[in-house]
Amino acid sequence: MVLFNVKENNSEKTFEIAIARAKELKTDIVAATTTGKTALGLLEAAEAADFNGRIVIVTHCYGSRTPGENIMSEETRCKLTEKGAILVTAAHALSGGERGLSGVFKGVYPLEIVAHTLRMISAGTKVCVEIGMMAMDAGVLAYKKPVVCIGGTGGGADTACVVTPSYSSKILETRINEFLCKPDLYEG
């Protein structure tokens with residue numbers, strides 16, 4: 001596993017590591033993006049590396065910041081699909097509905113505990129698990145097949161894992177098979 005300096009932009013190196021492993025495994029890549037910048041970078045890196053697998057891009061849901069709107073522009077969505085990406089736009093599997101309840105009732109709920117536990121490893125680890133389940137729920141991944149997931153800590157990519165995602169209704173069947181890279185939290 002490669003550990004990254006948390007103060008650097010690690011996207012390019014994360015893409016390189018993730019693409020190489022996905023090619024070895026002959027599997028898909030699932031990556032998170034908010035505005036589309038990370039996704040476009042991944043697609044460029046995949047093309048340069050002659051990656052022939054599928055790339056699934058998981059975006060924030062509509063209304064996550066502004067009711068009725070998506071953070072990613074329609075123009076960027078079109079660019080991603082033109083470049084061959086499969087887009088999944090959905091509520092976060094580890095916070096969507098529960099955040100709505102905890103905000104009103106001021107409690108802590110099971111999925112929030114799972115999310116915070118995964119963040120103890122890295123924020124990107126939580127993202128990798130979550131986007132794998134979101135893509136499974138959307139029906140764009142093969143059941144019980146490992147994929148390479150790419151996530152980050154809030155701008156770019158810094159974590160890649162081999163994950164066998166499950167449906168969110170079977171969350172505890174999801175497996176993190178291998179850590180490829182993540183931030184070195186001792187530095188942070």
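Lys26 counts as exposed because its relative accessibility is 68%, where exposed means over 50% relative accessible area, buried under 20% and partly exposed in between, with a 1.4 Å probe and protein chains only. Lys26 lies in the loop between helix H1 (11–25) and strand E2 (29–32), and has a positive phi of about 55 degrees although it is not a glycine. The model is predicted, so local features need pLDDT of at least 70 and side-chain atom pairs count only at pLDDT 80 or more, while totals for chains, interfaces and linings use all residues. Residues are numbered from 1 along each chain as its sequence is written, and side-chain values use heavy atoms, with hydrogens and water left out.

- Asp50 is found in the loop between helix H2 (37–48) and strand E3 (55–59), and it has a positive phi of about 60 degrees although it is not a glycine.
- With a relative accessible area of 53%, Asp50 is exposed.

**Fold and overall form**
- The chain has 6 helices and 7 strands, where helices (H or I, at least four residues) and strands (E, at least two) are DSSP runs numbered from the N terminus.
- Read along the sequence, these elements follow the pattern β-α-β-α-β-α-β-α-α-α-β-β-β.
- The radius of gyration of the chain is 16 Å, which agrees with the value near 16 Å for a compact globule of 188 residues; the radius is taken over C-alpha atoms, and the globule rule is 2.2 Å times the number of residues to the power 0.38.
- Along its principal axes, the C-alpha trace spans about 50 × 40 × 35 Å.

**Burial and contacts**
- Buried residues make up 45% of the 188 residues in the chain.
- Among contacts (heavy atoms within 4.5 Å) between residues at least 6 apart in sequence, 64% join residues at least 24 apart.

**Nonpolar cores**
- A nonpolar core is a set of buried Ala, Val, Leu, Ile, Met, Phe, Trp, Tyr and Cys residues joined through side-chain atoms within 4.5 Å.
- The largest nonpolar core has 26 residues, of which Ile29, Leu42, Ile55, Ile57, Leu80 and Ile150 touch the most other members.
- The elements that give two or more residues to this core are H1, E2, H2, E3, strand E5 (147–151), strand E6 (159–164) and strand E7 (175–183).
- Another core, of 23 residues, lies apart from it and includes Val56, Met134, Leu141 and Val147.
- Leaving out residues up to four places away in sequence, Ile55 touches Ile29, Leu42, Leu43, Ala46, Gly84, Ala85 and Ile86.
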